[in-house]
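The entries below follow the order in which I looked things up.

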Amino acid sequence: MPASKKERVFSGIQPSGNVHIGNYLGAIKRWVDEQDRFDNIFCIVDLHAITVPQDPKTLRNKIREVAALLLAAGINPQHSPVFVQSHISAHAELAWILNCITPMGWMERMIQYKEKSSANKERVSVGLFDYPALMAADILLYRTDLVPVGEDQQQHVELARDIAQRFNNTYGETFVLPKAVVPAQSSRIMGLDNPAKKMSKSSGGAKHAVSLLDSPKIIRAKIMSAATDSRNEIRFDATRPGIYNLLLIYEQFSARKRADIEREFSGKGYAELKNALADLLIRHLEPLQARYKELRSDERTIESIVRESAERIRPLAEKTLQTVKEKMGLG
Ligand code: TYM
């Protein structure tokens, strides 16, 4: 099939906190595994990151870190551009326009905003509230068909679709209606310290998440201390969230059948499962970490990859923005 006939995939990741195995299983691994089937664009969303306070030096470094991680995980930038959101100003510009056609009520229903602002509504930024409009702009600028994300972002993608539909109804067919693609099993990896909470970059204690760049020693320590239960029976049982989460991670990294995994650990204790999971993670992350180190030793290459990626896709974004402006009578 010629490249232009493939469906367009767009997805993004924030350069804040440490990228963890939840991000990897819910998003990055699938971007890599399926990249040949689609016409992809991947974005490091630094404008989203500043919806909460960021230290400028750390942010700049994190942008490069995430770029190198995506490449180390196997994204081929020749085929799938990896760019930095703030390098293409059409994102911010379209976000403003979409703000003006999006009802407040739609935004107020966003679960992530409610969760993130519940502690202190007075102090969170307007940007945090408006986050989904910028995300809609990201997606709609590139005539995206499919948006592979974890479950926590599904509602935002559905909102992007609703905004696109509303624009099309008002101004005539303009945007492609995007669809979220959420993995069946790994859409919501839970925290190791508290399996009732989603594994997250921005919250949780020292033993909450395995980061892609953790050393073998740290990986083992985190997995060994993961919260389980007192049953000592190793089965895929969603009513026992701690052990279920560990088994799910094991299943995803080993690509083995559930029955096969249950057979292997039948009659064994949690410590054995945890040790085997730690071995598996260490084995999987080692080559990624080695490639990451190599990439980071040559900052200029990373820089030129993200810059060239932006140059390649900028015309697409500008064309969409221009159409939108014309339809609305701007300028
Ligand atoms: P971010 O940076 O929080 O997360 C990146 C991707 O990882 C997924 N994810 C998870 N998947 C499974 N289990 C978890 N515990 C877990 N935690 C995170 C997320 O769902 C996401 O797919 N708003 C987005 C970034 C974004 C974006 C976009 C995505 C901005 N514009 C346009 C798609 C399209 C975010 O904060 O992702």
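**Entry 1: V176.** I listed the contacts of V176 in this predicted model, leaving aside its neighbours within four places in sequence. V176 is in contact with L140, R143, T144, D145 and A164. I then located V176 in the loop between α8 (154-171) and β5.

**Entry 2: K179.** I placed K179 in strand β5, which covers residues 179-181. Not counting residues up to four places away in sequence, K179 touches D145, L146, V147, V157 and R161. I noted that D145 is in the contact list of V176 and also in that of K179. I also looked up the pair K179 and E158, which lie 21 residues apart in sequence. From C-alpha to C-alpha, K179 and E158 are 7.2 Å apart in space.

Entry 3: A backbone N or O atom of Q14 lies 2.8 Å from an oxygen atom of the ligand. For G150, I found a polar backbone atom 2.8 Å from a ligand oxygen. The side chain of N23 has an N or O atom 3.1 Å from an oxygen atom of the ligand. I then looked up the area: taken alone, the ligand exposes 720 Å², and the protein buries 97% of that.

**Entry 4: ligand, site and shell.** I found the ligand in the largest pocket. The elements that give two or more residues to the shell around the ligand are β1 (8-13), α1 (21-33) and α7 (126-141). How many residues surround the ligand, and which are the closest? I counted 28, the closest being Y131, D138, D152, I189 and K201. Sorted by class, the shell comprises 11 nonpolar, 12 polar and five charged residues.

Note on methods: Residues numbered from 1 in each chain as written. Predicted model: local features only at pLDDT ≥ 70, side-chain atom pairs only at ≥ 80, totals over all residues. Heavy atoms only, no water. Helix = DSSP H or I, 4+ residues; strand = E, 2+ residues; numbered from the N terminus. Contact = heavy atoms within 4.5 Å. Near = heavy atom within 4 Å. Polar contact = N/O pair within 3.5 Å; in protein donor to acceptor, adjacent residues only side chain to side chain. Areas by Shrake-Rupley, 256 points an atom, 1.4 Å probe, with all protein chains shown as cover. 1 Å grid on protein atoms, 1.4 Å probe; cavity = no way out; pocket = protein on both sides within 12 Å on 5 of 7 lines; lining within 4 Å. Sits in = over half its atoms within 2 Å of the grid points. Nonpolar A, V, L, I, M, F, W, Y, C, P; charged D, E, K, R; others polar.
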